[in-house]
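Open the model in your viewer and keep the selection panel at hand. The stops below say what to select next and what is there.

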Amino acid sequence: MKEELEQLGRKANEKHLENKKFFAKLKKKPPKQMDYLMQELHEEEFRRTDCLDCGNCCKTTGPLFTQADIERIAKHLKMRPSKFIDEYLRVDEENDYVLQQVPCAFLGSDNYCSIYKVRPKACREFPHTDRKKFHQISNLTLKNVAICPAAYNIVEEMKKRIKI
């Protein structure tokens, strides 16, 4: 997996312009069955992909934490929300709560998340490839293909199936 992740950044970079053009066209004229196709591609890919083999998202990027996430996780950890924020989070340039550092403090050496059942919404939804109106999050997807091998594979398959 380490070798695959090293190649992922290079491959994503090589495909960046192609993907950017594809998503620009997709935004202008999304196919009628787009949500169904994305659900299908997402499910197909995650039948082959086990996130526990990778964990790159948790090692290299941090999710946004909503107020609901903070309260839920703090309760799970038996902490006050303010203590949770002080210990684990910071406010970024867009005024969102994010991790103070990566890799995520809740990621174990076995790629298991110690707060998995109460993890942030952004973690539950990552890599966002089964989201409705997928074409509206193209900038996020362009970033995620360089982080997540599954997202990369989904976008490559998507380009084969959607002719624009």
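Select helix H4 (residues 67–76) and helix H5 (residues 81–88): in this predicted model, their axes come within 8 Å and cross at roughly 95°. An angle from 65 to 115 degrees counts as roughly perpendicular, so H4 is roughly perpendicular to H5. Now show the side chains at the contact. H4 supplies Ile70, Glu71, Ile73 and Ala74, while H5 supplies Pro81, Phe84 and Ile85. By class, the residues of this contact are 6 nonpolar and 1 charged, with no polar ones.

Where does isoleucine 115 lie? It is in the loop between strand S3 (97–99) and helix H6 (121–125). Is isoleucine 115 buried or exposed? Its relative accessibility is 3%, and under 20% counts as buried, so isoleucine 115 is buried.

Next, select helices H2 and H8. Their axes are 10 Å apart and the packing angle is about 135°, which makes H2 oblique to H8. The crossing of this pair is right-handed. On the H2 side, the contact is made by Met34, Leu37, Met38, Glu40, Leu41, His42, Glu44, Glu45 and Phe46. On the H8 side, select Ala150, Asn153, Ile154, Glu157, Met158 and Arg161. The residues of the H2 and H8 contact divide into 8 nonpolar, 2 polar and 5 charged.

Stay on methionine 34 and show its surroundings. Apart from neighbours within four places in sequence, methionine 34 is in contact with Leu26, Phe134, His135, Met158 and Ile162.

Then widen the selection to the largest nonpolar core, which has 23 residues. Which of its members touch the most others? They are Phe23, Leu26, Met34, Met38, Phe134, Met158 and Ile162. Two or more residues of this core come from each of helix H1 (2–28), helix H2 (34–48) and helix H8 (149–161).

For the last stop, select Met79, Leu89, Leu99 and Leu107. These are among the 15 residues of a second, separate core. In soluble globular proteins, nonpolar side chains tend to be buried together.

Conventions: Residues numbered from 1 in each chain as written. Predicted model: local features only at pLDDT ≥ 70, side-chain atom pairs only at ≥ 80, totals over all residues. Heavy atoms only, no water. Core = buried A, V, L, I, M, F, W, Y, C linked by side-chain atoms within 4.5 Å. Buried < 20%, exposed > 50% of the residue type's maximum accessible area, 1.4 Å probe, protein only. Helix = DSSP H or I, 4+ residues; strand = E, 2+ residues; numbered from the N terminus. Contact = heavy atoms within 4.5 Å. Axes fitted to C-alpha atoms, helices over the stretch in contact; angles between N-to-C directions. Parallel < 35°, antiparallel > 145°, perpendicular 65-115°, else oblique. Left-handed = near helix turned anticlockwise from the far one by under 90°. Nonpolar A, V, L, I, M, F, W, Y, C, P; charged D, E, K, R; others polar.
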